[in-house]
Amino acid sequence: MGLTFFLVWAIFMGSTPRVVEASPIPALERSPVESILRQSAVDALFQDRDGFLWIGSREGLVRWDGSNARYWYSVPFDDTSLPRNMVLRIDQDSEGHIWVVTRAFIHGTSEVSRLITPELERFAHYTPEDPDLAMDASGQPWLVNDEGVHRYQRDDDRFVLWIHLPRYRPAVPTSAAAVFDTQGALWILSRNTLDRCDVDTRSCESLAVEVAPLPLIQLLADSGRVRLPVKQGVVCAADSPLRLEPCDDLGDLQLAAQVTASAQDAAGARWLATPAGVWQVTPSGARQIPIHHGSGSANNDIFVLLGDRAGGMWAGTPWGLWSWDPHRHPFDLLTIDESSSEDATVGHRLAPILSLHEDDAGTLWVGTVGDGLYARSSTGAWRHFSEELWTPNDFASLVWSIASHKGDLWIGASEGLVRLGASGQAQWMAVPTTSAGKGIPGIRKVLTKDGKLWILTYRNGILRFDHDRFEMIYDEPGQGVEDLAVDDAGHLWLGTGEDGLRHIDPATGKARAFRCSPADPRSLSGCGIVSLLVDSTGALWVGTTRGLDRLADDDEHFEHVLGPRDLPSSAVLAILEGPRRLWLSTNRGLVSIEKDIARRSIGAKPPPHAVTVWDQQDGVGNLEFNRGAALSSRDGRLLFGGDRGITRFAPLEIERSTYRPPIRLDGLTLITRHGAHWLEPVPGEPIEIAPDVTSITFELATIDFTSPPGNRFALRLVGIDPEWIDLGTRRSATYAGVPPGRYTLLARVSNADGVWNDESLEVPLSVLPPFHRTPLFRAIVSLAGIGFLIALGIMVSRRRYQRQLDRLRTEHQRDEDRRRISRDLHDELGAGLTQIVLLSEKESRQPSSDPATQQRVADSARRLIDAVREIIWSIDPEHDRLDHLLARLRAATADMLEAAELRAELEFPQQPPETVVSPQLRRNLSLILREAVHNAIRHAQATYIRVTCEHDETEIRIVIADDGQGFDIDHVTRGNGLRNLRARARAINGAITIDSGPGEGTRVRVALPI
């Protein structure tokens, strides 16, 4: 085996690999994502199927989507939290669960756990102990430890021993000692053995290996090959027969150090990390990748490499997280660096840059605010020009413009014009003034065109220098001129600070004025002209204080290309032309617009992807730029001067990203009368909104690691929005008062370069109605309405029937009263009158003065009078009240008992209620009481009679008790008296009970309903 390794190392030995350079060269830089970690060391990286980046640190697990992070870590006494904080391995199974291998510390024992989806709130912990995790192509988890290979049983949620490997000893320590290849074979690396196992047949082949005791030994799997690190490089494992061989996909790359990590990027290039550096291997060769450590550690130890789906590369190290983004735009900030100065007087200056120029020798000339003129040679050395150009008394505070003309350098400053010869001799030029004599001719712009030098003064017009003399071309510029441009016809365009634009024909001296007018939409967008550019096609572009304009084809009007809402700040300070775009500097970054789109979209708002804002998040060193400080260099780069230096970049290296970020619904904020609460949707399931929700805010998210702040979102709630709503860079949209119903939420996202993902988010949404608006409630209300109508009809019919019945009852009662009165008159008056008539006839036939007869006539008359009174009282409506009735009964009973000279006791209510009683009740009750008392007086031979009366809301109860001789109820001869009592009681729905016995007296109980 030693010979095998010797041959392998011999193939890969060497310290200087053959490198094929390409442009641009990738570089690993410290990732800003590191700032979100609880600890800098990164041992594991993984990108799940949804695109999230999972980061395993030594202080827990982190999920990152480019903008937001979510954390998991070990919590004491919580068996559902992450078991250990040091995360060594992350993977995902076929059901979307996240599996992690954790360890308490570097040399401790490890444990595997599963983060359960979709909630991602709870970890499930598993045995065996100290395992390594491997995931096969189907998403089936496997564990390997000193017992052997363990297979996960989903039904039982546990691991079972599948293949016994007694010789396995883990490499110390390891985060990936077991991997599956593309053929489904499981490769296992221990201290001195490499095993290839067929999990279907449960068999393994072994190969003896010698692994150096390095801090990290792991099997590497990328591009479908299983790679084994060796002392100087990496070898690939092969089977049939089981062996180690050179990796044929690495070309003739030779490495001088062991490979600690490997990965494949989206373009198919292979990345290998060693302590001696990182290498990228493509079919055309290999190149070393720079690692920009910045102020951090310069150690190159990389534990893990990960290529994301957007084409980027991530590197986890003990010292932090590094990354490379192929779409990251290569902006460079150039400052005056004293360490590269050939002039000892040059200091590290931060004076704002006011002008830029490149001469024929490639020297970059830089004019500043308050610090004079600097020159940077092609070698990068700086030189400061001060005494060569002006004395201390004539110090130039503002260097506005620089130009080359016939071998000399012309410098326009606030104090005048300086001519710097090739020998380094400076000469102040006497610039002629206008007849108005406006003082020192501050030079705002110098430029060359077609061999002529044009000079724009601040207050003294436009001059042309030719044949060593100045010529006044235009002497009425007004106050506050800003820029000058010369078109292909040799005509001049002059921009003023407050009075618009002038077009000047130098041959005739004639000028045309173009001003802004709110009444004319085709005039200039602003009266303040800041910058001018005549592009390669001859088109004139005008930067105003309110946007970007272009002179229309009729040479009379202006088309508005970009307005204040399209720019980060309104004023366009400088304009440069790139290969495919126009580049603008502003007070808040750079702006690029595609030239074809700019010409096509005249008069209309350009599409979002045509206009891109570049700021510090994109690597732009300056945030605020200065007017006129712009340069197109000979090597194709563009330079813009600002408050912190010179932003320099190559436009051809700035390409639009083709990555199409995914879109997802992060959650909903629901507002009810009880407050706000968060609803996290379950993927694939519709969302139901409760009836009491008054406001819904949809929170959108995407996974984009390139430039998350530049993502644009669009949303449409089908059923509410007739068209898509462009949210810009906002990630949320709020809807208030959404009526009940079924809707579909559609959303989509673009990357920072305006490339939209064609696959939009589609989420069914139901807003539940309140109960009073549900079909069930409507059915209930309908049935209730029908029932109400039926009940109303029945009630109306019953009322009609009741009225008819009441009328019949009234008529019947009236008839009954008539019959009763007739009967009473017949019984009482008729009998009494008949007796009086008979006694009177007898007295007339046999006249005598018999006192008994006369007394009988008188008694009959008196009884007749009482009967008439009784009848009249019973039908009198004034006596319909219960209190009157009881008072009448008590008085009548007392009179009867007093006349019979019997001891008596009467108990009647003292204050009976004024309840209305019917005439029939009054009449029958009076007769029943009188009959019962009369029977006790005449037949009972009683010496004492007690009458009691009680009542409640429903009935009257009267008891007549005597101490007479009594009688046997069962053998009594039924006369008319008892029969009459019962008949009268039944007539008014009452009842009479009689209790009596020989020698025991008699007790009559009467109960009558009121």
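## Secondary structure and fold

The chain has seven helices and 71 strands. Both are DSSP runs numbered from the N terminus: helices are H or I with at least four residues, strands are E with at least two. The model is predicted, so local features need pLDDT of at least 70 and side-chain atom pairs pLDDT 80 or more, while totals for chains, interfaces and linings use all residues. Residues are numbered from 1 along each chain as its sequence is written, and side-chain values use heavy atoms, without hydrogens and water.

Of the contacts with a separation of 6 or more, 53% join residues 24 or more positions apart. A contact means heavy atoms within 4.5 Å.

## Confidence

The average pLDDT of the chain is 82, and 83% of the residues score at least 70. pLDDT is the predictor's confidence in each residue, from 0 to 100.

Residues 171-175 stay under 50, with 21 contacts beyond four places in sequence. Residues 339-347 are also below 50; this stretch has 20 contacts beyond near neighbours in sequence.

## Burial and surface

The chain has 1010 residues, 48% of them buried. Buried means under 20% relative accessible area, exposed over 50%, partly exposed in between (1.4 Å probe, protein chains only). The accessible surface is about 48800 Å², and carbon and sulfur atoms hold 50% of that surface. Areas come from the Shrake-Rupley method with a 1.4 Å probe.

## A feature of helix H3

Helix H3 spans residues 775-845 and includes Phe788. Phe788 is exposed because its relative accessible area is 54%.
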